[in-house]
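Please look over the sequence and the structure below before reading on. The paragraphs that follow take the strands and the ligand in turn.

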Amino acid sequence: MKIAVIGGGAAGLTAAGSAKGCSVTVFDHMEKVGKKIYITGKGRCNFTNVCDNQTFLQNIVTNSPFLRSAVSRFTPYDAIDLLENNGCKTKVERGRRAFPLSDKASDVIKALSRYAESNGAVIRLNSKVKDIVRTDNGYTVCTTDGEEHFDRVILCTGGMSYSQTGSDGSAYTIIKRLGHTVVAPTPSLVALLTKENLSAAEGLTLKNVSLRTEKIKPIFGDLMITADGISGPIALTLSAYASREQFPYKAYIDFKPALSADELDARLLRDFGAQLNKQFKNALDLLLPKSIIPFIIEMSGVDGVLPVNSVTKKQRARIVELVKNFELNVIGNEGFNRAVVTCGGVDVKEVFPKTMESRILRGLYFAGETLDVDALTGGYNFHIALATGYVAGSSAAEGHNG
Ligand SMILES: Cc1cc2nc3c(=O)[nH]c(=O)nc-3n(C[C@H](O)[C@H](O)[C@H](O)COP(=O)(O)OP(=O)(O)OC[C@H]3O[C@@H](n4cnc5c(N)ncnc54)[C@H](O)[C@@H]3O)c2cc1C
C-alpha cells in the first residue's frame with residue numbers, strides 16, 4: 001500500500017515510521033524536515049510530559065475528549081521509548097517535562113527521521129503539496145514536482161504559528177477542498193497586548209501572582225511585564241483559554257493571591273504603622289515590586305505625598321482593590337509569528353478519534369497541530385503530534401476504519 005504523508009514535522013515523521021510495511025513518501029516544502037522542532041523548548045525540545053493519562057487530558061485546552069484514545073494508546077513512556085530506540089537518550093526534569101539528554105532539539109529530529117527511515121520512508125524535501133484530489137481508488141497528490149497516486153494520505157501540515165518553519169496554513173485550503181471544516185485558526189500560548197502602558201515596568205517578573213478574566217478562574221504562577229502588555233507562564237496559559245475570546249476583554253492581576261482582602265488591609269495597616277512618617281508613595285515597598293507602585297498610586301487617586309498616617313480607610317480599601325484586582329484591557333496578542341501553538345484547524349467532529357481517519361473521506365487521515373486541538377505548555381503539544389501521528393500511521397497501515 002502506498003501512503004503519502006504531507007508534512008515532515010513531529011506528527012508526519014512519526015506517522016511515516018508507524019505505517020509499518022507500507023511504501024511511505026513524506027512531502028515537505030521546506031529544505032529540511034522538523035524545522036519547528038529546532039526551536040521547541042528554547043532549542044531543547046520538551047517532547048512530552050511524563051504524567052498519567054488524566055493529568056495529560058486536563059492540560060489539553062481544546063478538544064481533550066477527542067484525544068483520550070490517542071494519548072492512552074501512545075503514552076509519554078511510548079514517546080520516551082520511541083526516541084531512545086532511535087538513538088536519542090532522554091531525561092525528565094522539573095514538572096515531569098521530558099527532554100533529550102543532550103539538551104539538543106536536533107537529536108529529537110534525528111531520532112524521528114531515523115524512525116521514519118527505518119520503515120523505508122522516502123522523504124521529499126522542497127516539495128510543496130498544492131492539491132490532493134480524490135480518485136476512484138485513492139488520492140492524487142499534486143506537488144510542485146508533479147503528480148503521484150497514493151492509496152492513502154496522512155495530512156500533518158501543522159498550524160500557522162512560526163510560519164518560517166513551514167507551517168504556513170497553506171494546507172487549510174486543500175483540506176477545505178477535500179470537504180472538511182477548518183475551525184478558524186487563532187494564536188495560542190502567546191503574549192498579550194494591553195491598552196494600559198506598563199512599559200515603565202518592562203522586564204519585571206511577578207512571582208506567585210494570579211491572573212483571571214470574568215470567565216476564566218484565577219491562574220496562579222509567574223507573570224512578566226513586557227513593553228506592550230504581559231507575558232510569562234500565566235499570561236500564556238490565559239491566552240490559551242481565551243484564544244477564542246473577542247478583543248478587547250478585561251483581565252485582572254491579583255498581586256497578593258495568598259491574602260484575602262481583609263488580610264491585605266490588615267497587612268497595609270501594619271506596614272503603614274511601621275512607617276508612620278513616610279509619604280504614601282514610599283510606604284508600599286514592603287508589599288509590591290518598586291516598578292509597580294507608581295501604577296497603584298496613580299490609579300488609587302491618593303496623593304502620593306500624603307503622610308501615610310493620613311490615608312483613610314476608604315482610600316485603603318481602594319488600594320486593596322487595586323492590588324487584588326488590577327484591571328487590564330487586553331486588546332490583542334503578538335500574533336501567529338510569536339505563538340507557540342495554533343488553536344483551530346480540522347474540526348475533530350469530522351475525524352474518528354481511534355484512528356485519525358476522516359469521517360468524510362475514507363483513506364484520508366489527520367495528525368498533529370493541523371487538527372483543532374491544543375494544550376498548555378509542558379510537552380503536551382509535542383506529545384499530541386507524536387501520539388496522533390502514531391495512531392494515524394498505524395491505522396492507515398492496518399486499514400482500520402471507524
Ligand atoms: C517556539 C515554539 C516552541 C515550542 N516548544 C514546545 C515544547 O517545548 N514542547 C511542546 O510540547 N510543544 C512545543 N511547541 C509546539 C510544538 O512544537 C508543535 O505543536 C508541534 O511540533 C507540531 O508538530 P506538527 O508535526 O503537527 O506540525 P509542524 O511541526 O508545524 O509540521 C508541519 C510540517 O508540514 C509542512 N507543510 C505545511 N504545509 C505544507 C504543504 N502545503 N506542502 C508540504 N509541506 C507542508 C511544514 O513545512 C512542516 O514541516 C513549540 C512551538 C513553537 C513555535
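**Strands and ligand shell**

Strand β14 (residues 205-213) and β17 run antiparallel and are joined by four bridges. Helices (H or I, at least four residues) and strands (E, at least two) are DSSP runs, numbered from the N terminus. Two strands pair if DSSP finds at least two bridges between them. The model is predicted, with local features needing pLDDT of at least 70 and side-chain atom pairs counting only at pLDDT 80 or more, while totals for chains, interfaces and linings use all residues. Residues are numbered from 1 along each chain as its sequence is written, and side-chain values use heavy atoms, leaving out hydrogens and water.

T213 has A251 of β17 as its bridge partner. β17 is also joined to strand β18 (residues 326-333) by five bridges, and these two run antiparallel. Here the bridge partner of Y252 is E327 in β18.

Another sheet is open and has three strands in the order β3-β6-β5, with antiparallel pairing. Its edge strands, β3 (48-49) and β5 (90-93), each pair on one side only. Between β3 and strand β6 (residues 97-100) there are two bridges, and the strands run antiparallel. T48 has A98 in β6 as its bridge partner. In general, strands of a sheet pair through backbone hydrogen bonds, either parallel or antiparallel.

Next comes the ligand. It is surrounded by 34 residues, the closest being A11, D28, N46, E369 and F382; a residue is near a molecule or strand if one of its heavy atoms lies within 4 Å of it. By class, this shell has 13 nonpolar, 17 polar and four charged residues (Ala, Val, Leu, Ile, Met, Phe, Trp, Tyr, Cys and Pro count as nonpolar, Asp, Glu, Lys and Arg as charged, and the others, Gly among them, as polar).

Which atoms of G41 lie 2.9 Å from an oxygen atom of the ligand? The atom is a backbone N or O atom of G41. A backbone N or O atom of V129 lies 3.0 Å from a nitrogen atom of the ligand, and a polar side-chain atom of S170 lies 3.2 Å from a nitrogen atom of the ligand. The protein covers 95% of the 1,000 Å² of accessible area that the ligand has on its own (Shrake-Rupley method, 1.4 Å probe). Elements giving two or more residues to the shell are α1 (10-18), α2 (35-39) and α12 (380-398); α12 gives the most, with four residues.

How values were computed. Polar contact = N/O pair within 3.5 Å; in protein donor to acceptor, adjacent residues only side chain to side chain.
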